[in-house]
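Colleague: Could you take me through this structure? I would like to begin with the aromatic residues and then turn to the strands.

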Amino acid sequence: MKKSIIYLMLLTIAFIACEPIENRESAGGAITADQLDISATPIVVNGKNSNRIILQNNSPVLSQWDYGNGLSTRSYDEVDVVLTGDLTVIFTGLNADGSKITKELPIRVDELTYEVPEEWALLCGTGSKDWTWSDEGEVVWGNGDWNNGGYFPNWWGIPKDGMEEQAPGEGAAAYMTFSISGAKLTKTYSDGSVDVGSFSFNMNEQVLGGDDSVWAKGILNTNNVTVLNGISPNEDNAKVYQYYILRLDENNLVLSHKVTHDWGDEGWYWVFKAK
């Protein structure tokens with residue numbers, strides 16, 4: 001009798017061992033865009049949709065959210081957009097098998113309840129904005145004293161009409177486009193070819209002048225692309241990806257890069273205007 005019971009138990013164990021384990025996901029552990037459980041929801045303040053958006057992903061995929069002026073890779077996040085109106089949040093999910101799925105989520109922002117840096121609107125307008133070499137002043141690119149109290153190079157410089165010879169393809173006919181969507185920076189050369197990268201701000205980094213007034217109001221960082229002729233000649237023509245913002249209004253953009261030498265600090269200057 002005991003032998004029979006043991007025999008039956010062994011058969012049961014063997015049967016269970018042969019049963020395939022249930023795969024509760026589709027083949028390869030991947031889901032489709034239609035199966036995503038995600039949301040992008042504006043926080044309502046005083047009955048109006050604010051510019052603070054709650055991003056939430058409850059799906060078994062890694063997250064990337066493109067909310068226009070930035071990216072997030074968190075499954076839950078609260079982010080601030082910089083525009084009002086009908087906007088789109090783009091979600092990209094990474095499945096376990098390496099495949100990607102994308103879904104667009106429309107949102108409506110009624111007002112900018114939460115403060116955003118004004119630099120977004122000044123640099124990008126209502127969506128994107130073009131900038132080129134300035135007509136103001138005698139030179140648009142050159143070097144001078146760092147923190148010289150002004151917005152132009154005071155040692156040496158090149159006028160707008162000489163920039164094509166100085167930097168082929170990046171002269172008077174070239175321009176830059178700053179776009180809120182994806183925080184994208186596009187540099188268009190004189191021949192129409194383009195380089196594309198991104199940009200960001202750090203408005204907490206300021207430089208005070210000799211009278212303690214603000215000389216540089218923040219920093220503009222660029223990624224994978226420079227501004228027009230974004231090089232530092234006295235650093236072996238190294239590409240420059242970080243610029244101090246000396247002036248930024250609806251029509252003018254002046255940037256500077258600091259170079260430290262044994263004898264002191266040198267500044268390189270870029271002077272642009274809205275196109």
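**Aromatic residues and strands**

Modeller: Phe178 counts as buried, because its relative accessibility is 0%. Please keep in mind that this is a predicted model.

Colleague: And Phe199, buried or exposed?

Modeller: Phe199 is buried, with a relative accessible area of 3%.

Colleague: How many aromatic pairs does the structure hold?

Modeller: There are 14 aromatic pairs in the structure. One of them joins Trp141 and Trp268 in a tilted arrangement, with 5.1 Å centre to centre and 35° between the planes.

Colleague: Why does that pair tie together parts that are apart in sequence?

Modeller: Trp141 belongs to strand E9 (residues 141-145) and Trp268 to strand E21 (residues 264-274), so the pair ties together parts that are 127 residues apart in sequence. Trp141 and Trp268 are both buried.

Colleague: Back to the phenylalanines. What sort of pair do Phe178 and Phe199 form?

Modeller: Phe178 and Phe199 form an edge-to-face pair, at 5.2 Å centre to centre and with 80° between the planes. This pair also links distant parts of the chain: Phe178 is in strand E11 (residues 175-179) and Phe199 in strand E13 (residues 194-202), 21 residues apart.

Colleague: Which residues do ring pairs link into a cluster?

Modeller: The cluster linked by ring pairs consists of Trp120, Phe178, Phe199 and Phe201.

Colleague: Now charges. Which rings have a charged end sitting over them?

Modeller: Tyr114 is one of them: the charged end of Arg52 sits over its ring, 3.7 Å from the centre. Another is Tyr175, where the charged end of Lys275 sits over the ring at 4.8 Å from its centre.

Colleague: A change of topic: where does Thr186 lie?

Modeller: Thr186 is in strand E12 (residues 184-188). Thr186 counts as buried, because its relative accessibility is 15% and the cut-off for buried is under 20%.

Colleague: What is Thr186 in contact with, leaving aside its neighbours within four places in sequence?

Modeller: With those neighbours left aside, Thr186 is in contact with Tyr175, Met176 and Thr177, and also with Val194, Asp195 and Val196.

Colleague: How many bridges join E19 to E20?

Modeller: Strand E19 (residues 242-248) is joined to E20 by 4 bridges, and the two run antiparallel. Arg247 stands opposite Val254 in E20. E19 and E20 form a hairpin, with 3 residues between them.

Colleague: And how do E20 and E21 pair?

Modeller: E20 and E21 pair in the antiparallel sense, over 10 bridges. Val259 has Glu266 in E21 as its bridge partner. These strands form a hairpin too, with 2 residues between E20 and E21.

Colleague: One last item. What is the order of the open sheet of 4 strands?

Modeller: The order of that open sheet is E4-E3-E6-E7, and the pairing is antiparallel.

Colleague: Which strands stand at the edges?

Modeller: Strand E4 (71-72) and strand E7 (100-109) stand at the edges. Each has a single partner strand, so one side of each is left without a neighbour in the sheet.

Colleague: How many bridges join E3 to E6?

Modeller: Strand E3 (residues 62-66) and strand E6 (residues 85-94) run antiparallel and are joined by 5 bridges. Asp66 stands opposite Ile90 in E6.

Definitions and conventions:
Residues are numbered from 1 along each chain as its sequence is written. This is a predicted model: local features need pLDDT of at least 70, side-chain atom pairs count only at pLDDT 80 or more; totals for chains, interfaces and linings use all residues. Side-chain values use heavy atoms; hydrogens and water are left out. Rings of Phe, Tyr and Trp (its six-membered ring) pair if their centres lie within 6.5 Å; planes under 30 degrees apart count as stacked, over 60 as edge-to-face and the rest as tilted. Buried means under 20% relative accessible area, exposed over 50%, partly exposed in between (1.4 Å probe, protein chains only). A charge sits over a ring if NZ of Lys or CZ of Arg is within 6 Å of the ring centre and within 35 degrees of the ring normal. Contact means heavy atoms within 4.5 Å. Two strands pair if DSSP finds at least two bridges between them.
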